[in-house]
Amino acid sequence: MFKLFTNMMKEEWRIHSTIFGSLSFALFPVMIFGIAFMGSFLLPLFRTVIPRGDLSTIVHALFLLLGIMVGAFGLIGQEAMNRRFGQASLLAYSAKSLPISVQEIFCTFVVKDTVYYFFLWVLPFVGGFAIASPFIGIPLLLPALLLLTLTLAFLTGLSVVFFLSTVYARSKPALGIILALILIAGAGLYLFAGINIALFFPPLMLFYSFSWVLLGLTCAVILILSAVAILLFTSEYADTTKRYDSALSPLAQRLSFFPYPPLAAKDLIDLSRSGSFIGQTIFSFLIPLGLLWFLLSVLTRLLPPGGVLLLFAILTGVIASTMYTWITAFDSYNSYTCLPVSVRALLTSKMCSFAMLQLIPFVLIIVVSLLTRGVAYLIPALVLCLSVSFFSLAITVWLTGLSPGVMVYDAKVLVTYLFVLGIALIVLIALMFVNPDYALVSVLLFLPGWFFVRQGYAKWDILDQPTF
Amino acid sequence: MEKSPGIIEALGLFKQYGDVAAVNNVSLSVGKGELFGLLGPNGSGKTTMIKMLTGQIRSDGGSATVLGLDVEKDPIGIRELVGIIPEQETPPSFLTSTEYLDFVGEVRHIANVEKKADWWFDFLDFSDKRDVLCKDLSRGTRQKLMFTQAFLHKPVLALIDEPLINFDPIMQHKVKDYLAEYVRSGNTIFLSTHILQIAEEICTGFAILHKGKLLHTGTVAELKQRDQHLDDFFFSLVQKESHV
């Protein structure tokens, strides 16, 4: 078992270091440490607008989410790996070829994820906060407690997703019943008793009022969920083959105004059939923006008229630019190398598909401006949002080509992206605070944006495409 | 047999990955109407060679032309003319088989693609998988799909990497016959394989690669004249090279 554990650790490291580069990935915990350290000095500022409790909830929620994401990736890892590496396999899927039971493999997999992500995320994050604590008047006991509760929040996310996925594999109706019960209980408590169910999240309860009993209960929840998941785990899944009527040619005809209609049609089909269009719109766009709107609305009194809407438009533009990762997630250039399709054509087509998706932020900004009676600032907000989105897209194309979802984790790429985008955003924010109409200047971002796209064409059309 | 020049001409091709020379100064020539086999053990550089000849990757040295086009200068032009079956069958996950062939038809501007695809669905016996997403296809069916996309536009030259590896014996037989007939009608095929029996059955010319180096080029007819089997010749050559 220990041999399997060490090999799984090596495998996890090699996946990441192959994708991101050994040095870049080795620096990742250092970057988390640095961000947590510097971010800690902003805590006194945050506290003036956000109550301490909300901040703690957000941080615990983030680590819960991290656990869920890591767990989900573990379960769909084979497919994700195959898209990136071609015909790849993981030790976690080797039960059929090795004399090891699926339960033993799964158990080792859970332990590996726990140890690996503790050192990758939890420890650097809390370490940065701990080092900064004496300078901002926070007792050292708090980071120590945070190390415990964030680890438990991560483990809760991991065990919940493992539990739910094994229930799903055994019985879809059972999963539906469990989720419905959770929803009904949460909604009932909130609507009839005014109690926020998030406050019953065990690691958060432990953070607010530590007791050994509560610690035992929190660990018991994680252990029970994991144990049930390990017992129920099966590698046999029901056949999920789906059949579809042919949609590519009709769609390509409707998109004939695009430079590469079949490529654009393929992007739309990918988004629709993978479930990404709805899923990503909700989870990667609307929910983060809802949270951002909530945070920005706290600043209403501090900002000039229209400031919140315009600032929201900028942030919407930045988040909307990540839609480029939605349409590049389904294929690598390897899928096209047997066809007469150049990298330049693919980049152009992906940008056109991206342009179609910009209808979503466009509508969102209109709705938000109507709901907040900010119609007077609608035009500058729209221009700002779309200009920032396309400018950010251009930088992404230049820096990452067709692999934004992977290369953004390269520390050098990320720093360059943040630096170039940051300069533009600072100038725009300064201008719009002087006069909201100056936000229209943002349309000029299309010029440097075009320059970056051309740089991207030159960069990615010349080099052999990276294989991840 | 007299070779017609100009279908594939490689001169001193070289490709390095890290410290390893995957293809080391390889020169070869394939004439029109040949079914040319590039043979070699796993890791000998066959796939790298095909990728360089089709402009999928750039060489680190040497030069090559395919159908008179320079692989470095006009890789897309070459891919327009030739058919390629890559070693790893990777059709797009969320398109159905029919849609993928429609997609290939649109990209290659093929007329009557539906009718042509129908013929292939019947010929390779996977009509029941027309509306299934590529991600849900078995490896054998994916291979059939990739085979179809390579020949859908009736290219004058096809470069195929391990073409029969996922096919059952019946399908292998059918495909071998198809390839032989395809060449008889004046087209050219460049295939890489490590299954020597296939090469001996269908290839006219062949080259043997080992650890990136070209050990031999010749014809199957020459071997037959010497009453020698390809596998014996291959093993003696590779073993000799390994001892060196």
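Predicted model: local features only at pLDDT ≥ 70, side-chain atom pairs only at ≥ 80, totals over all residues.
α5(B) has 13 residues, and from first C-alpha to last it reaches 19 Å, close to the 18 Å you'd expect at 1.5 Å a residue. Eleven of those 13 are buried, so the helix is largely enclosed by the rest of the structure. What covers them?

Most residues other than glycine have a negative phi. B:Lys154 has a positive one, near 50°. Where is B:Lys154? In the loop between α5 and β7 (157-161) of chain B, and it's exposed, with a relative accessible area of 63%. The other case is B:Asp227, where phi is near 60°, again a positive value in a residue other than glycine. B:Asp227 is in the loop between α8 (220-225) and α9 (230-243) of chain B. At 72% relative accessibility, B:Asp227 counts as exposed.

On chain B, 35 residues are in contact with 36 residues of chain A. Between them the two chains bury about 3,100 Å², and 55% of that is on carbon and sulfur atoms. Which residues of chain B lose the most area to chain A? That would be B:Phe94, B:Glu99 and B:Phe103, which together make up 22% of what that side buries.

For the polar side of the interface, the rule finds 13 residue pairs in polar contact between chain B and chain A, with both residues at pLDDT 80 or more. As for which helices are involved, α2 (75-81), α3 (97-108) and α5 (139-151) of chain B each supply at least two residues of the side that touches chain A. α3(B) gives the most, with nine residues. By residue type, that side of chain B divides into 14 nonpolar, seven polar and 14 charged.

How many salt bridges are there between chain B and chain A? Two. One that I can point you to is A:Arg243 with B:Asp131, where the side chains meet at 2.6 Å, N to O.

Let's cross over to chain A. Chain A has 21 helices and zero strands. Of its 468 residues, 46% count as buried. If you take contacts in chain A between residues at least 6 apart in sequence, 77% join residues at least 24 apart.

Last topic, the charged pairs. Side chains of opposite charge can pair when their charged atoms come close. Over all chains, a search of the whole structure finds eleven salt bridges. Here are some in chain A. A:Asp113 pairs with A:Lys112, with the closest N and O atoms 2.8 Å apart. A:Asp113 is buried at a relative accessible area of 1%, and A:Lys112 is buried at 2%.

Then go to helix α12 of chain A, residues 261-273. That helix holds both A:Lys266 and A:Asp270, four residues apart, about one turn of the helix. These two form a salt bridge with the closest N and O atoms 2.6 Å apart, and both are buried.

A:Asp267 forms a salt bridge too, with A:Lys350, the closest N and O atoms being 2.8 Å apart. A:Lys350 lies in helix α16 (residues 343-357) of chain A and A:Asp267 in α12 of chain A, so this pair ties together parts that are 83 residues apart in sequence. A:Lys350 and A:Asp267 are both buried.

That's what I have, so over to you.

Key. Residues numbered from 1 in each chain as written. Chains lettered and ligands numbered in written order. Heavy atoms only, no water. Contact = heavy atoms within 4.5 Å. Buried area = accessible area lost by both parts, 1.4 Å probe. Salt bridge = Lys/Arg side-chain N within 4 Å of Asp/Glu carboxyl O. Polar contact = N/O pair within 3.5 Å; in protein donor to acceptor, adjacent residues only side chain to side chain. Nonpolar A, V, L, I, M, F, W, Y, C, P; charged D, E, K, R; others polar. Buried < 20%, exposed > 50% of the residue type's maximum accessible area, 1.4 Å probe, protein only. Expected span 1.5 Å × (residues − 1).
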